[in-house]
Each structure stands twice: as structure tokens, then as C-alpha cells.
Amino acid sequence: MTDSLGTQSIGSLANDLANGRTSSVQLVSEALARIERHGQHGGCAYVSVDGDAAMLAARTSDRDRAAGRVPSPLAGLPVSIKDLFDVSGQVTAAGSLVLANAPPARQDALAVARLRAAGAVVLGRTNMSEFAFSGLGLNPHFGTPVNPSASDRIAGGSSSGAAVSVALDMAVAGLGTDTGGSLRIPAAFCALVGFKPSASRVSATGALPLARSLDSVGAITHNVADSILLDQVLSGQLLDTQPATLKGMRVAVTRDFVLDNLDSKVGAAFERVLKLLTDAGASIRWFDFPELHELPFINVSGGLTAAESWRVHQQWLLSELGTLYDPRVAKRIRRGASLSASDYLELLAHRQHLKAVTKSRLGDTDLWLMPTVACVAPQLKALEQDDELFFDTNALVLRNTSVINFIDGCAISVPCHHSGALAVGLSICGLNGQDAKVFQAARSIETLLSDQ
């Protein structure tokens, strides 16, 4: 079979479909064959695959195309779904054994329904950190998806399987969620693009929540153009995403907190980006943001994530099902039990304050840049064996990305490392509602980096 899927963009694949150079049946068959080989070699990116339904959808898509019915460029292309989204007739287990015997979903989550309406072919459910409660992607129940470029390292989480499904061309895009970085972290570690929209733009209806006030729904893709297309489908909004002009662009860079204790590889890649932008005519405005140093203290008792996840999980943790949790996940959720209503309101007040401060600090700049993650992908074995290392590393990995969730902003992570090096992500960030501006900058910066 000729390999048609490869690492082509969605636009390129859509063009091949339109011109008869491939078919949905061929593309989906290739994806399913890759998934099978991945599993045979010990891979665990997917927790379940419905090949029969996918092939039926592919055949239907080809017939619709022949009849002139092509709802979007995604039509006929295979996508993966993170295991916390409802898919009609399937159990939504969220990477856990706790919900293994839960009743099947009666209907698709809204995000899944929108993908189907756009003509996408749903392949299966991807692996994840249990209940999405970790930025590392470890899962003791279904195995831990490893980094496609370095099998001794993690892929990142919580949307670990989503990233691996795209990186290994087992899907053109992976639907996921981002509560503290769960799309952007695995994208950064796997040399992919991950976009966290302003949370209110994409409905989370039908997705098992981690912390509703922080959860965002988005996708992992190969490039920015594909990310824009997925955002259009998921949000139902058509944004102005014309590439921004780099000359004269005002770029904000925080001196402290997000640049503290950077891995040398991350630091070098970030400095390279800033030099390229300066050479292209952008102006870099360095600024101090001391209020960010308050975040660890604000969240010392678990923060909004622990408080809101405890509300969801206490019914299971206080029953016999509590023994089925990953102990590391259970430990973090249980912290929410000690938070009072007053504590919760205080967290919300801190959030509102930091949102206002961020807006003031950024002023009239066009975008805010930071490394997506302070380190390259950590090695898996040490994290599995050492609880203290696990929690310390998890905190470091989530540090930068969680800032954007806390201020209710938007951000996209694009690869910024040299070819052949361990992957490093660059985060292009904006305030709530600045999604179009983030995409505009991302398109230009992606082009700038690819020309080097």
C-alpha cells in the first residue's frame, strides 16, 4: 500500500482527496495499520480502537465526496479522541479503572460531534494521565506512551496518547483538553503544535471535567495551519488568522518565574527565537512579573484543580472504588477535601487579581512569549520509581503552561528546536479573547523558524 498519510498537512491531504490521489478508505486503513504495528511493538497511545466503525465512516466519506458532499477539509481524515470525551456507545473511562464499568455514553461530546459533522473519521480513544491529573502522562493502568523521538523519555501529559497518535501519523489530529498545560506540554515534548483556546470559546459539554473553571478543549496537530482548522471546527468560529507582520511587532518577555531554572537546551532554543525575531524587526520588551511568584503559594493546598476535582471524585474516592486510583492521582485530588468554601472563594479572588495584573503588565504589546516547558522531556524510568521526583518534575513541567490557564488566557506551543535535537516548545500567549492574535503571530513565527 502506498503511504499517503505520512506527515502531510491536513490541507495537503484534503487536496489529495479532492484530486483523487488517495481516498478516505486508504488513509484510514493506513492509520489503523500503524496503530496495530504500534501496539504490536508495545505502544499504548490508544486504549481502544473501533476499526470497523472507522472503515464504515471512511467508505461513507468517499461516497459523499463522489456525490459532491465535502463538509470541510477534515472530511475523510482520521482523528483520535482523548479518553475523557463521550463517544456514543462507548464508556468514558478517562484513563482509569474507576469508571471501567460505567454505562456507555448516550451521545457524543459536543467536540466529537463537531468533528464528525466536519467529516472527520474517529479512530479510537487515546491514553492519558488518569483523570487528566498530571503533566507527565504516566498511566499505571494502561501503560505510559513514550516519546516518539526518544523511547526512554515521556511524551508528556495529560494528553499523552493524543500527541503520540499525531507524531506517529496514527491520526492527523488529536482531540484533547488542557487544564494546566495538557495539550501544550505533550506538543512541546513531541515536536508538535498544541493550542489552548480561551476556555469559553470551545464547549466542554460531554467531557469528564478535571476543573471546570480551568478546563479548555483543543487539539494537537502537526502545524499551525492545521491547528487553526481544528479550532474553527471545534469552536464554530472563523477567526482572522492572516500572518502577522514581524517587523515592528512588540514582543513581551518575562524576566522571572517562567525563565527560572531553565534546562540549558530550552534556554538556548528560546534565546535563538528571540534573536531571530529581533533580526526580523520585532522589538523585545523585557518586564518583571513578581506576582507570578505568588502562584505556588496561592496553590499550595492544591488550588482550583484540587478543589473542583474533589467535588467530582469524592463519591468514588470515599467508596470501594477509591482503591482503583493511581495513588499519585488520588493524593492530589484528596487535597481538595480540606479546602473550605472560603478557601475556594479566596482562590477565585486571587485569579481575578492576577488576570487584571497580567493585562496591566502586558500593556500594549502584541504578544507574550515564554518557553512552553522549562525542561526537555524527562526520562520515564526515574519518574516511575521515585515519588518525590515525580511530584517535583510534574510541578516544573506544569509551571509555565498553568500560568495561562490561571489567567484564563490562550496560548499555542510551536516547536523551536534545531532538527535532530530534543524537542523544545515555544509558547505564544495572549489574554482571554486574543486567540486570533495568537494564531496570527504563530503563523509568522512558525514560518520564521522553518526558514532557518
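This is a predicted model: local features need pLDDT of at least 70, side-chain atom pairs count only at pLDDT 80 or more; totals for chains, interfaces and linings use all residues.

Where is F142 found? I find F142 in the loop between β3 and β4; helices (H or I, at least four residues) and strands (E, at least two) are DSSP runs, numbered from the N terminus. Residues are numbered from 1 along each chain as its sequence is written, and side-chain values use heavy atoms, with hydrogens and water left out.

**Entry 1: the surface at F142**

I looked up the exposure of F142 and got a relative accessible area of 33%, so F142 is partly exposed. My scale is buried under 20% relative accessible area, exposed over 50%, and partly exposed in between (1.4 Å probe, protein chains only). F142 forms a nonpolar patch on the surface with L97 and L324, and together they have about 220 Å² of accessible area. Patch residues have over 30% relative accessible area and no salt bridge, with nonpolar side chains (Val, Leu, Ile, Met, Phe, Trp, Tyr) joined within 5 Å. A salt bridge here is a side-chain nitrogen of Lys or Arg within 4 Å of a carboxyl oxygen of Asp or Glu. The areas come from the Shrake-Rupley method with a 1.4 Å probe, and for residues only the protein chains shown count as cover.

**Entry 2: aromatic rings**

I searched the whole structure and got 7 aromatic pairs. One of them is F131 with W316: the ring centres are 6.2 Å apart and the planes at 15°, so I logged the pair as stacked. Rings of Phe, Tyr and Trp (its six-membered ring) pair if their centres lie within 6.5 Å; planes under 30 degrees apart are stacked, over 60 edge-to-face and the rest tilted. F131 lies in the loop between β3 (121-126) and β4 (146-147) and W316 in helix α10 (residues 303-317), so the pair ties together parts 185 residues apart in sequence. F131 is buried at 3% relative accessibility, and W316 is buried at 14%. F131, W316 and Y325 form one aromatic cluster.

**Entry 3: S158**

I then checked S158, in the loop between β5 (150-154) and α5 (160-167). S158 has 0% relative accessibility, so I put it down as buried. Leaving out residues up to four places away in sequence, S158 touches K82, N127, M128, S129, A132, S134, G135 and S182, a contact being heavy atoms within 4.5 Å.

Notes: Patches are made of residues with over 30% relative accessible area and no salt bridge: like charges are joined within 9 Å, nonpolar side chains (Val, Leu, Ile, Met, Phe, Trp, Tyr) within 5 Å.
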